[in-house]
Amino acid sequence: MKSRSLLSLAVASSLLAGCNSAEEPAPVDSPVAEPVPVLTSTPTPTVAPDGSPLAPGSWNISENGTGASASFGPADGEALLLVTCDAPSKTLVLSIANATPGNQSFVVEAGGTAARLDMVADGNAQAPRQTAAIARDAPVFGGFVVPGGVIEVSQPGGSTLRVPSAAGIRRVFEACQ
């Protein structure tokens, strides 16, 4: 009986040893592909929150060593609205595509506020604009950076330019601090 017990114990031990001796495959150091972030941009709205149409185009914000600019317009055309900062002089300028000669008064509305803006024709025959220096801290320009907002520029002759506001315009204002 003793030999039978020893034999059973030996068989059980060898079975357990066989189970434990099976080597698990060593982890392979294979390169794992890093997930690539998908950059999405906020689409430029084509209608205002009240359903009225906005001018076609998108904002282009740029900076360089001399300042910053934000321009709105179609990709293949001239900017309809332009906000620029000349950093050395800390001068902010608002320009609107408009062929009306001489000095003109415009009304700019954004963020629930409005301001009269006296502008001057720049004399450019190719891409005529009305321009004016602006104050960065004027309340109406705070509305230029509110997401989901609308910038309205009422022009002489009754036409109104309506474009979406853009948070990126803040970079232009900050360049002139």
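**Contacts, core and links**

Q: Which residues is Phe144 in contact with, leaving aside its neighbours within four places in sequence?
A: Phe144 is in contact with Val83, Leu94, Val108, Ala110, Ile151, Ser165, Ala166, Ile169 and Phe173, its neighbours within four places in sequence being left aside. Contact means heavy atoms within 4.5 Å. The model is predicted: local features need pLDDT of at least 70, side-chain atom pairs count only at pLDDT 80 or more, and totals for chains, interfaces and linings use all residues. Residues are numbered from 1 along each chain as its sequence is written, and side-chain values use heavy atoms, with hydrogens and water left out.

Q: What makes a set of residues a nonpolar core?
A: The set must consist of buried Ala, Val, Leu, Ile, Met, Phe, Trp, Tyr and Cys residues, joined through side-chain atoms within 4.5 Å. The largest such core here has 32 residues, and Phe144 is among those with the most contacts inside it, as are Trp59, Leu81, Leu94, Ile151, Ile169 and Phe173. Helix H3 gives the most to this core, with four residues. In soluble globular proteins, nonpolar side chains tend to be buried together.

Q: Why is Ala127 called buried?
A: Buried means under 20% relative accessible area, exposed over 50%, and partly exposed in between (1.4 Å probe, protein chains only). Ala127 has a relative accessible area of 13%, so Ala127 is buried. Its place is in the loop between strand S6 (113-121) and strand S7 (129-134); helices (H or I, at least four residues) and strands (E, at least two) are DSSP runs, numbered from the N terminus. Not counting residues up to four places away in sequence, Ala127 touches Glu78 and Asp122.

Q: How do you know that Cys85 and Cys176 form a disulfide?
A: A disulfide is a pair of cysteine sulfur atoms within 2.5 Å. The S to S distance of Cys85 and Cys176 is 1.9 Å, so the pair meets the definition. The pair links distant parts of the chain, 91 residues apart: Cys85 is in strand S3 (residues 81-86) and Cys176 in the segment after helix H3 (169-175). Both Cys85 and Cys176 are buried.

Q: What makes the pair Ser52 and Arg162 a polar contact?
A: A polar contact is a pair of N or O atoms within 3.5 Å; within protein, one must be able to donate a hydrogen and the other to accept it, and residues adjacent in sequence count only if both atoms are side-chain atoms. The side chains of Ser52 and Arg162 are joined at 2.3 Å, and those of Ser52 and Asp50 at 2.6 Å.
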